[in-house]
Amino acid sequence: MLLAGISLRVTPQLEGFGLGQYAKFAGDAFNWSVLWQTLMLGVKTVALTACIGVPLGLLFIEAPRRLQPLMLFVIVLPLLTSVVVRTFAWMVILGREGLVNNALLALGLIGAPLRLLHTELGLVVALSQIEMPLMLLPLISVMSRLDPNLKDASAALGAGRWRTLFRVTLPLSLPGLLAGCLLVFASSVTAFVSQTIIGGGRMVLMPFYLWQQATTLFNWPFAATIGMVLLVAVLAVVTTLNALGRRSRALVHG
Amino acid sequence: MSSPHITRRTLLAGGSVLAVTTLLPRAAHAAGRVVAPAYPGPWEEAYRAVVLPAVKKTQDVDTVLTPLLSLDQVAKVKASRGTPPLDVFMLDPGPVVIATEDGLIDKFDPSRCKNIVHLQKSFFDEWGVAVAAQIVGIAYNPKKVDRPKGWKDLFEPKYNGKVGISGFGTTFGTSSLIEISKQYGGSMTNVDPAFAQLKKWLPHVAVIAQNPVAVNTLFQQGQMDVTYTNYQTVSTLKGRGVDIEFVKPDTGPIAFYTTLHVVKNAANKDNAYKFIDTVLSTEVQAALQKPPYSLLSVNKNVPLQPDMPQDLVKSHAELASFVHHDWRVIAPLRGAWIERFNKEIRQ
């Protein structure tokens, strides 16, 4: 409410009321491209976590019962370390003298170090690892509740393993997948620390933009406006995913 | 899911013990404390090691040191003017202008600092007092690249992919970009030539740092081998064994002063003056100037030699001959430059 209130102020000195700040945001193509890049970062991170998360989830439910607690521990492990530590670890991996570049140089695959840090690709990869538990936990909880008899039934009716996977297991796991996507999206779009440190100065994303307006330029109304726009944009995506989630549950139970 | 062992009574008892223990140290120290900021990194280390023990010893005041950059301090105080979270401001010249215009600073009374007699008149005014001089120039890694001579060298092809830059968000970034602009026909108020130059050369930039702390880490990790920064940052990194050297640009290095101020409505105003007075004292200024802290003294009794390298600066008179920027002119323009930098450097 406070955020919405401040975003309606006309000047940085918090005078007057009006939609001037929103007009300013909408009137500049730069702001739209910042918003677009931020949301696309979320989409790309979700896509990568889903591509890696689904096979990992399947591996988990097929794994022997003894191994499952250990695997769960490994999955949750990133959540137990601070996001700052994980971010700096990625700096060490992606840096010009980092693990990836040194390995590639040693193998003779590249002549000069590649620029991985401070690129969108590097950021998406790092964020995917950082947010992976948020994808895996809901996915696994849904997958492990699937009735094993369904698979037997599918096999008895003549479906192969792949067909069972695509026609039975995956559709039934859809609610978990969507919940995971929702969490990863909301969290990667707003991951200020990782975005600034791994993304670097070349990328201006909404959280950094907001921070800069608030603490460097002291334009609180515009900072509040950026906050509101980001909030609404994320809410819109989340609502859409939720609606899809309800439809997918209807698919399962219907 | 309720646990049978925790009754409401034990919970309340535990809670009140916790509440009392958090209140106790406050009560014990309330008679003499001051909340003062220091820039994160080298400044914070120096103040923690030198100033805090001195303030405790000579004034019997406990200092709560809060690591915050200039603009963050201004933002924090601005957000709660009536009960500011700080008693003292530590600011670079740009933020001083903002804080003064916003009425966040109390008028400075030099007569309340007995050590003020050791300072040149130009080092204090009605709003605050300088506590250290800073020199801005070019830093490079002598193991990896040739020694650059001046601002124009940053754009030499031999440094392609090795130069890291930072924008107008910091004092040294703003000052350096102004000097770069001057080399290509610009001035203190006209940075268009710097933008034109940056834009052309952008694909060859190694990294763009978003804040001063990032500059240090990026240099340490070998992400860049040449950049512009403060002398004192170079000295600190060198002290840690990083391969780094400082170059005075051939067109003259930049000098500016970091100042201390009393925050308006400060809860511990008397202690704020005691804190500032201690920082100005001959002993503290001398200790802060010793490497690796290398905070250039403002106290007449503490000569710059032999703590500073001979080829950097010999005396305060020489320091005065370095390039000085008028921040009262720059501050109103800076916001637009920051926003322009955002747009022009974006991939």
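The model is predicted, so local features need pLDDT of at least 70 and side-chain atom pairs count only at pLDDT 80 or more, while totals for chains, interfaces and linings use all residues. Residues are numbered from 1 along each chain as its sequence is written, chains are lettered from A and ligands numbered from 1 in the order in which they are written, and side-chain values use heavy atoms, with hydrogens and water left out.

**Chain A as a whole**

Let us start with the overall picture. Chain A has 12 helices and 0 strands; helices (H or I, at least four residues) and strands (E, at least two) are DSSP runs, numbered from the N terminus. Contact means heavy atoms within 4.5 Å. Of the contacts in chain A between residues at least 6 apart in sequence, 71% join residues at least 24 apart.

| Property of chain A | Value |
|---|---|
| Box of the C-alpha atoms, along the principal axes | roughly 70 × 55 × 30 Å |
| Buried share of the 254 residues | 45% |

**A closer look at A:Ser128**

Where does A:Ser128 sit? Its place is helix α7 (residues 120-143) of chain A. A:Ser128 counts as buried because its relative accessibility is 3%; buried means under 20% relative accessible area, exposed over 50%, and partly exposed in between (1.4 Å probe, protein chains only). A polar atom of the A:Ser128 side chain lies 2.6 Å from the backbone oxygen of A:Val124. Leaving aside residues up to four places away in sequence, A:Ser128 touches A:Thr45, A:Leu48 and A:Thr49.

**Where the two chains meet**

Now to the partner chain. In this interface, 28 residues of chain A are in contact with 32 residues of chain B. The two chains bury about 2,800 Å² between them, 51% of it on carbon and sulfur atoms; buried area is the accessible area (1.4 Å probe) that two parts lose on being put together, summed over both.

How many salt bridges are there between chain B and chain A? The count is 3, a salt bridge being a side-chain nitrogen of Lys or Arg within 4 Å of a carboxyl oxygen of Asp or Glu. One salt bridge joins the side chains of B:Lys343 and A:Asp28 (2.7 Å, N to O). On chain B, the elements that give two or more residues to the side touching chain A are α3 (70-79), β6 (205-209), α7 (212-220) and α12 (327-345).

Terms used. Polar contact = N/O pair within 3.5 Å; in protein donor to acceptor, adjacent residues only side chain to side chain.
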